[in-house]
Amino acid sequence: MADEKYIGAQDIEKDIMVKCFVTFEDVKAVSKNRRALVNRSVFSCYNSNAWPLFMDYIAKRYDFSKIKNIALLSDGGTWIKTGISELKLDPKNTVKFYLCEFHFKQAIHHITTNEDERKMLLEVFTNKRKKDFIQAVNKIIENNKNREEIITKKLNYIKNNYSSIKAMLMLNIGSSMESHISHLIASFFASRPKGFSTKRIDQYLKLNDYKNNG
């Protein structure tokens with residue numbers, strides 16, 4: 001799983017974009033309503049070329065010649081999708097992208113605030129054809145012309161990631177990246193007003209990773 005978190009900066013006008021990766025091998029049940037990632041590992045950094053740094057890190061943990069299937073779960077950000085080719089270190093590796101269910105449902109919630117309409121859209125998306133889903137959203141646009149721009153934007157987001165969302169729903173693993181980024185990064189770096197120096201942030205992130213990785 002991969003995502004980014006923006007945190008306050010001291011020495012630049014814009015925020016610091018921290019890129020975070022969470023790898024795991026499986027999901028196991030630890031109680032009735034709680035699941036945990038198997039062999040979770042966390043890597044974060046402040047770098048425009050985060051993928052090569054992450055691959056250097058993860059290649060020390062795994063022998064990629066023995067790995068067949070790799071799943072990349074995210075919100076579909078451009079910088080994350082560039083990692084699809086990076087993850088293929090061996091000819092045996094098959095890499096597939098899945099859009100996080102959280103972001104799909106968030107888009108549905110932005111399309112309509114009506115609970116019945118939300119349930120209807122989820123039902124249509126899951127069980128009917130792509131054109132049926134588009135028609136259902138267009139009907140909502142007809143009845144909400146004042147929100148046409150935002151609804152169209154979210155519809156395009158779902159259309160552009162349609163197959164990745166379908167695959168995610170069938171995968172039945174679920175993505176916990178949003179909760180991970182909140183717990184692992186935001187809880188310390190962004191929960192209270194702070195400003196970090198770009199000259200020191202990577203040291204802080206590395207120490208934070210050490211803690212999160214035990």
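Pockets and helix packing in the predicted model

Strand E4 gives the most to the lining of the second largest pocket, with four residues. The structure is a predicted model, in which local features need pLDDT of at least 70 and side-chain atom pairs count only at pLDDT 80 or more, while totals for chains, interfaces and linings use all residues. Residues are numbered from 1 along each chain as its sequence is written, and side-chain values use heavy atoms, with hydrogens and water left out. Helices (H or I, at least four residues) and strands (E, at least two) are DSSP runs numbered from the N terminus.

The second largest pocket has a volume of about 300 Å³. Its lining comprises 11 residues, and Arg35, Ala36, Leu37, Ser176 and His180 lie nearest its centre. Strand E3 (26-31) and strand E4 (34-38) are the elements that give two or more residues to this lining. A pocket is here an open set of points on a 1 Å grid over the protein atoms alone, where a 1.4 Å probe fits, with protein on both sides within 12 Å along at least five of seven lines; lining residues have an atom within 4 Å of a point. A volume is the space filled by probe spheres set on the points, which are joined across faces, edges and corners. By class, the lining of the second largest pocket has five nonpolar, four polar and two charged residues; Ala, Val, Leu, Ile, Met, Phe, Trp, Tyr, Cys and Pro count as nonpolar, Asp, Glu, Lys and Arg as charged, and the others, Gly among them, as polar.

Leu37 lies in strand E4. Residues up to four places away in sequence not being counted, Leu37 touches Met1, Val22, Phe24, Asp26, Val27, Ser176 and His180, where contact means heavy atoms within 4.5 Å. Leu37 and Asp132 are 95 residues apart in sequence, and their C-alpha atoms are 36 Å apart in space.

The largest pocket holds about 540 Å³ of space. Among the 22 residues that line the largest pocket, Thr23, Phe24, Asn69, Ile70 and Ala71 are the closest to its centre. Two or more lining residues come from each of strand E2 (16-23), helix H1 (50-58) and strand E6 (69-74). E6 supplies the largest share of this lining, five residues. The lining of the largest pocket divides into 18 nonpolar, two polar and two charged residues.

Two packed helices are described by the angle between their axes and the distance between the axes. Axes are lines fitted to C-alpha atoms, for helices over the stretch in contact, and angles run from 0 to 180 degrees between N-to-C directions. The axes of helix H4 (residues 101-111) and helix H5 (residues 115-127) come within 9 Å and cross at roughly 135 degrees. H4 and H5 are therefore oblique to each other; angles under 35 degrees count as roughly parallel, over 145 as roughly antiparallel, 65 to 115 as roughly perpendicular and the rest as oblique. H4 passes H5 in a right-handed crossing. A crossing is left-handed if the near helix is turned anticlockwise from the far one by less than a right angle, and right-handed if clockwise.

The axes of H4 and helix H7 (residues 148-160) come within 9 Å and cross at roughly 155 degrees. H4 and H7 are therefore roughly antiparallel to each other, and their crossing is left-handed. His103, Phe104, Ala107, Ile108, His110 and Ile111 of H4 make this contact with Ile151, Lys154, Leu155, Tyr157 and Ile158 of H7. The contact residues divide into eight nonpolar, two polar and one charged.

For helix H9 (residues 177-189) and helix H10 (residues 201-212), the axes come within 11 Å and cross at roughly 135 degrees. H9 and H10 are therefore oblique to each other, with a right-handed crossing. Leu184, Ile185 and Phe189 in H9 meet Ile201, Tyr204, Leu205, Asn208 and Asn212 in H10.
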